[in-house]
Amino acid sequence: MELRRGVPLFYQQFKALLKKNLLLSWRNKTATFIQLFASFFFILLLFCIDKGTQASTSHTTAYKTVLDPKALVSPPIPPCEQKFFVKRPCFDFVWSGNHSVRLNRIVSSIMANNPGRKIPSSKVKSFRTTEDVDAWLLNNPMHCPGALHFKEINATVISYGIQTNSTPVRDRGYFEDPTFKFQIPLQIAAEREIARHIIGDPNFSWVVGLKEFPHPAKDGFSVMSTIAPSFLLAFAMFGFAMQIGSLVVEKELKLRQAMSMTGLYESTYWFSWIIWEGILTLVSSILLILFGKAFQFDFFNKNNFAVVFLVFYLFQLNMTGFAFMLSSFISKSSSATTVGFSVFIVGFFTQLVTVFGFPYDIKVSNIARYIWSLFPPNLLAVAVDALAEATATPEDVGISWSGRKRCADDADDDAGDECVISINDVYIWLVATSFVWFVLAIYFDNIIPNANGVRKSIFYFLQPGYWTGKGGNKVEEGHLCSCMGSVPRQEYVTPEDEDVLEEENIVKQDVTEGTVNQNVAVQVRGLVKTYAGTMTIGCCKCKKTSPYHALKGLWMNFAKDQLFCLLGPNGAGKTTVINCLTGVTPVTSGDALIYGYSIRSAVGMSNIRSIIGVCPQFDILWDALSGEEHLHLFASIKGLPPDTINSAAQESLAKVRLTESAKVRTRSYSGGMRRRLSVAISLIGDPKLIILDEPTTGMDPISRRHVWDIIQDAKKGRSIVLTTHSMEEADILSDRIGIMAKGRLRCIGNSIRLKSRFGTGFVTNVSFIENATAQSPPNATVDHTNQHEDVKQFFKDHLDVLPAEETKSFLTFIIPHEKEKLLTKFFTELEDRQQEFRIADIQIGLTTLEEVFLNIAKQAELESAAAEGRLVTLSLTSGVSVEIPVGARFVGIPGTESPENPRGNMVEVYWEQDDSGSLCISGHSAEMAVPPDAQPLISAAPPSDRNLRRGRRPVYGVVINPNQFGTANS
C-alpha cells in the first residue's frame, strides 16, 4: 500500500485533526456552550448596569439634548419630607423677621396660597433675626431644606433673602437638585406675596415660568467605555483558558506524542488548531454583536457592523495566539485556569490605565506605547473606548467603515492633534501581534524541553533539512538536544557474555566501515541514557541524588522479517530503549539507525515516524472518541489513501475483536480492550517496524492468545520489537531474545540457545506404572518405594544426580549441561530397563525461559547489591536470620562449622518476582554441607556497620559460586 506524502498528506491530516476537534467539542457540550454563549451573560450584565445608570439620571436633562425646554410654572414649596436624608421632625421652611406684623401676614399668605397644598403652621418656624436662624440651623442640621429672611425697609420696599443647601445629592439612584426643588419655589412664593401685599390686591395674578437653556447632551458615565472592556475581556478568558487547556491536555496525556509517533506533521498540528480556534472565535464574535444589538446598545447599533466585528474577532484571534504561546511553557492542564485568571487580573488593571488615557497620549513616548500595545487586552480597551466615545450621545452616529482610520474625537479641532491611535491602527496591531504569537508558539514549542527533556536547537529553523524533510542519516542534520543537565560519562564495560560481545563487535565493525547492513532494520550503536541527579534544598538541609544510568551502552541489531524480544525486570531499561528509538526520550550518547535514519536527527526522526508503528506501554487514547474514530484518525495521519481508511479500520477492529465495540467511546473500554485497540493502532498503515511495549498487559488468556496470532501474522515482511514480562509470550513469538538488566544487555540469542547456555540443564521426568495388574500376579503387591529407589540409584550411578522433585507417580531430575555427552548411552540403557523399573514414560526437555530470565536477573541483582551494599534478610527454618545480597543463590551460613563439617552448611535460596518486578525471596532449601571445592564469591558483610556500635551483631551470609558445584543439590 502506497502512503500519501507531502501536500496531500498535509491536507488529509488537517481534515482528520479538524474532525477530531469537532467531535471532542461536540461531546464536551458544556465547555463549548460556555465558550460560544458566555457573551450573552456579560451583555446581559452590561444591559442591567446601563439601565440602572440611566434610571439614576432619568429626571435630569443634563445627559440629554434639549432643544425646546419645558417651562417650570409656579412650582409649589414641597413638603420637607421630600428632602433626601432629612431628619424628623422637619420644617418646610424657616424665616426671620417675626417681630413685624406686616411680615407675619406675608408669611401667612405664603403658607395659605402654596399651589396644590396649604402649609400648616406646624411646618413653619419663625425667628426674630438672621442670626437666630443661623444658630438654629447649626444646632439642627438636615431638619429644614431652606430659609427666608425678610427685612421691612419702608411702606413700599420689603427685601428678602433665601438660604438653601446647594449641594446636589443622590439617593438610591435618584438625583436631587436643591436649586430647582427648593430655592426657586421659595423665591417665587416670596415675590408673589410681597407684590400682592404692596399692591393691596390679594388676588393679583402672579405667574412665573422658568426654562433652562437649550443644550447638547453632556458626556456622562459610559458603561461601554468604562466597564465593558473588563467584561468583554472576562468573556474572552473562557475561550482563552479552554484553548490553553486543550493544548496542554494533549501534551500532558501524551496524545500529541502518540500522533507525532504515527507521523503527524508539526505544521499540520498547529494549523489545525489555528483554523479550529479561528472558527470558534468567528462564531462567538458574531454572537456577541448579535446579543449587543438585541439589547439595543448604541455601541453595536450605530457603529458599523464590520468595524465592531473585526475588533472582537481580531482580539479573540490574538488571544488565541497568545494562549498558544503560553501553552509552550505549561506542562500541567491544572495550571491553564491559573494562567487564564492571572492574565485576566493583569489585563483588568492595564485596561483601567488605558481607559484613563495612558499611554495613548501625545505626551507619552512611542516606545512606551509600542510595548503597551503588545498586551492584547490593552488594544481591546482602547478600541472599545473609541467605539463607545463615538456613540456616547444620542446625536453621535458612530464609526463607519470609511471612518475607521480617523480618531473618534477628530471633530474637535483642539483634540484632533492629540489622537495617536485609530481603529484601523488597532486592527494592524492585532493582526501583527497575532502573527508574532503564533510564530513564537511554534518556536518555543520546539526549543523548550518537554517532560522528557527533548528539544531542538535554538537555530533549528536554519537547518535545510527542517524545510526540505530530506536527509536524516546524520546526527548533525537538525539534531535533537537533551536538556537533562550535565551528567558524568558512562565508562565502557566489556560484556562478559560471548554472544553479547560478538553482537557488539558486529555492530562496531559496521560503524567503523561506515556500512549499513541491508538485512538489519534497527542498529543500536552504543546507546547510553543517563538522567542527571537532582538537588532539593529544604529547611537547613540540601539533598542531592546521584545520576541514574538507565542505559549503559547497548550494541545490537534487530533484523528484518524477525521479531526481537527484549526482556528484563522492571528498571532494566526496556522502555527507555523504546522511548529512545521513537524519539520520546533524548539519548545521552550513542545513536541508533532505523532503516538508515538516525534517531538523534530531527529530520531522521521525522522520517522514522512515518515508517513505524508503536504500541506504548500505557494506552494513549481520547476518552471521548470511539475505537473506530481512533483508527480513522491514525490511519489519516499515517497517510492511507482516503478510500481505504474505512476498510482498513474495520479490518483492524476485526483482527483485535473490537467490531462490536467499534462505536463505543474508549472511556467505557476495559483495560484489555484498550490494549487491543493500541495494538490495532500500531499495525495501521503497514509499517516497516512495529514496536510493541508490553502489548498484552491486562488481557485475559483468550485475548492474549488472539493477539499473539495477530503478532505472528504481522511478522511477515517487517521487523517487530517486543517487550514483555510473559516468558511464555517471548518463547512463542520471538526469533531472537535479548535479556537486559541494570541498563546492560546480558545475553542475546534464540530461545533454545539461551536455555542451553543459561538454564540449569535438562529436565527429565520419569513417570511410573500405577496399575500393574496386567504384568503382575493377582495377589502381588507393587512396592513403589523400591521402584523409586532403583531409578534414583540408576541416575546417581550414571550421572551423579539426585531427584529435584519426587511424588508417588513420578520423579524429576535436572541433568547439568556438562553431562550432555553421556545422555545418549544413558537413555538407551534406561529404556532397555524400562520394564524392570516399571517406567511408564520418560520425558526430557530444556529448562524454561523463565528460569533463564530469573538466573540472569539474579546475577545482575547480585552484582548491583554487592556494589551498592543492598541486603535482604533470609529467615532460616532453624530460626537464624542471615543478611544476604539480592539475587544470591547459594549462601554459606557462618557459625555452622564443626569438626565433622569444617566448611559449615549452606542453603540454596529461591527467588521470584513480586508485582513490581523486583526479586524477593520465595523460600530456601534444607541446610546442606558446603562442598569441599566450592569457593566464596563475596561476603555480605559491609566494611562497617552501625549495628555494631549498638551492641547487635547481624549474621552475614557468604555467597558461594554456583558454577563450581552445579550438581551439589541435584
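This report walks through a surface patch, a pair of helices and some salt bridges in a predicted model.

## A nonpolar patch on the surface

Let's start on the outside. Six residues, Phe 33, Ile 34, Phe 40, Phe 41, Leu 44 and Phe 238, make up a nonpolar patch on the surface. Together they have about 490 Å² of accessible area.

Where does the largest share of the patch come from? Look at helix α2 (residues 29–56), which supplies 5 residues. Phe 238, on the other hand, sits in helix α7 (residues 228–252). Its relative accessibility is 34%, so Phe 238 counts as partly exposed.

## How α7 meets α12

Two packed helices are described by the angle between their axes and the distance between the axes. The axes of α7 and helix α12 (residues 334–355) come within 9 Å, and they cross at roughly 155°. Angles over 145 degrees count as roughly antiparallel, so α7 is roughly antiparallel to α12. As for its handedness, the crossing of α7 and α12 is right-handed.

## Salt bridges across the chain

Side chains of opposite charge can pair when their charged atoms come close. How many salt bridges does a search of the whole structure find? It turns up 30.

Take Arg 27 and Glu 629: their closest N and O atoms are 2.7 Å apart in a salt bridge. Arg 27 belongs to helix α1 (residues 6–27) and Glu 629 to helix α21 (residues 627–638), so this pair ties together parts that are 602 residues apart in sequence. Arg 27 has 24% relative accessibility, so it counts as partly exposed.

Next up are Asp 619 and Arg 675, whose salt bridge has an N to O distance of 2.9 Å. Asp 619 lies in the loop between β18 (612–615) and α21, and Arg 675 lies in helix α23 (residues 671–683), 56 residues apart. Here Asp 619 counts as partly exposed at 24% relative accessibility, and Arg 675 counts as buried at 3%.

## A network

Salt bridges can also be linked up: Asp 497, Glu 498, Asp 499, Arg 753 and Arg 757 form a network of them.

Conventions: Residues numbered from 1 in each chain as written. Predicted model: local features only at pLDDT ≥ 70, side-chain atom pairs only at ≥ 80, totals over all residues. Heavy atoms only, no water. Patch = residues over 30% accessible without salt bridge, like charges linked within 9 Å, V, L, I, M, F, W, Y side chains within 5 Å. Areas by Shrake-Rupley, 256 points an atom, 1.4 Å probe, with all protein chains shown as cover. Salt bridge = Lys/Arg side-chain N within 4 Å of Asp/Glu carboxyl O. Helix = DSSP H or I, 4+ residues; strand = E, 2+ residues; numbered from the N terminus. Buried < 20%, exposed > 50% of the residue type's maximum accessible area, 1.4 Å probe, protein only. Axes fitted to C-alpha atoms, helices over the stretch in contact; angles between N-to-C directions. Parallel < 35°, antiparallel > 145°, perpendicular 65-115°, else oblique. Left-handed = near helix turned anticlockwise from the far one by under 90°.
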